[in-house]
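Hi everyone, thanks for making time this morning.

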Amino acid sequence: LTAGDLLRLAFAATIALAGTLELRRLAREHEALLDAERTHAAALRELASLKGDYGRMVAHELASPITAIRAYIAILESGRSSAYGFRRALTAIEAETDLLQALAHDVGAIATIEREDFAVDLRSTSLADLLAAAAEYNQT
C-alpha cells in the first residue's frame with residue numbers, strides 16, 4: 001500500500017461515515033416531520049368528527065321548532081280553534097320562528113368564527129348582564 005492508497009482509503013471512509021451520519025440526521029428529521037403530520041391528521045379527524053356532531057345537533061335543533069310550527073299550522077287550518085286559541089297558536093308560531101332565526105344567526109356566527117381571518121376583540125363585561133342575557137334567551 002502506498003501513501004496515496006492510504007489517503008484514498010481514509011477519504012473514502014470519511015465520506016462513508018459522513019454520508020451515514022447525514023442519512024441518520026435526515027431520517028430523524030423525517031421521523032419528526034412524520035410525527036407532526038400524524039398529530040395534524042389526528043387533529044383533523046377530531047375536527048371532522050366534531051363538525052359531524054355539530055351538523056347532527058343543528059339538524060335536531062332545527063327539527064323541533066319546525067315540528068311545532070307545523071302542528072300549530074294544522075290546528076289553525078282545522079278551523080276548530082277559538083279566537084283565544086288562534087291568537088295563542090300565532091304567538092307560539094312567532095316564538096318558534098324567532099327560535100329558528102336565532103339558530104340561523106348562531107350557525108352564521110359559527111361559520112364566521114371558522115374563517116381564518118377571524119379575530120377576537122377581548123373586552124370586559126358584567127357577569128350580571130351576561131347571566132341576564134342568557135336567562136332571557138333560555139326563556140324561549
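Let's begin with Leu122, which sits in the loop between helix 2 (83–114) and helix 3 (127–138). When I say helix, I mean a DSSP run of H or I of at least four residues, numbered from the N terminus. Before going further, a word on the source: this is a predicted model, where local features need pLDDT of at least 70, side-chain atom pairs count only at pLDDT 80 or more, and totals for chains, interfaces and linings use all residues. Residues are numbered from 1 along each chain as its sequence is written, and side-chain values use heavy atoms, with hydrogens and water left out.

Is Leu122 buried or exposed? Leu122 counts as exposed, at 76% relative accessibility. For these words, buried is under 20% relative accessible area, exposed is over 50%, and partly exposed lies in between, with a 1.4 Å probe and protein chains only. Leu122 also belongs to a nonpolar surface patch with Ile113, Phe118 and Val120, and together they have about 440 Å² of accessible area. Patch members have over 30% relative accessible area and no salt bridge; like charges are joined within 9 Å, and nonpolar side chains (Val, Leu, Ile, Met, Phe, Trp, Tyr) within 5 Å. The areas come from the Shrake-Rupley method with a 1.4 Å probe, and for residues only the protein chains shown count as cover.

Next, helix 3. Ser126 caps its N-terminal end, with a side-chain oxygen 3.3 Å from the backbone nitrogen of Ala128. Helix 3 is hardly covered: of its 12 residues, the count of buried ones is zero. The expected span is 1.5 Å times one less than the number of residues.

Helix 2 passes that check too: its 32 residues should span 46 Å, and its end C-alpha atoms are 47 Å apart, which agrees. Which residues of helix 2 are buried? They are Ala89, Ala92, Ile93, Glu96 and Leu103. These buried residues pack against helix 1, where contact means heavy atoms within 4.5 Å.

That brings us to helix 1, residues 3–78. Ala3 lies in helix 1 and is exposed, at 57% relative accessible area. Ala3 and Thr67 are 64 residues apart in sequence and 95 Å apart in space, C-alpha to C-alpha.

Now for charges. Side chains of opposite charge can pair when their charged atoms come close. How many salt bridges does the structure hold? There are five, each a side-chain nitrogen of Lys or Arg within 4 Å of a carboxyl oxygen of Asp or Glu.

Take Arg25 and Glu29, which meet at 2.9 Å, N to O. They are four residues apart in helix 1, so about one helical turn separates them. Arg25 is partly exposed at 34%, and Glu29 is partly exposed at 38%.

Arg38 and Asp35 form another salt bridge, at 3.6 Å, N to O. Both lie in helix 1, three residues apart, about one turn of the helix. Arg38 is exposed at 51%, while Asp35 is partly exposed at 38%.

Arg56 and Asp53 meet at 2.3 Å, N to O. Being three residues apart in helix 1, they too are separated by about one helical turn. Salt bridges that share partners also join Glu22, Arg25 and Glu29 into one network.

How values were computed: Helices (H or I, at least four residues) and strands (E, at least two) are DSSP runs, numbered from the N terminus. A polar contact is a pair of N or O atoms within 3.5 Å; within protein, one must be able to donate a hydrogen and the other to accept it, and residues adjacent in sequence count only if both atoms are side-chain atoms.
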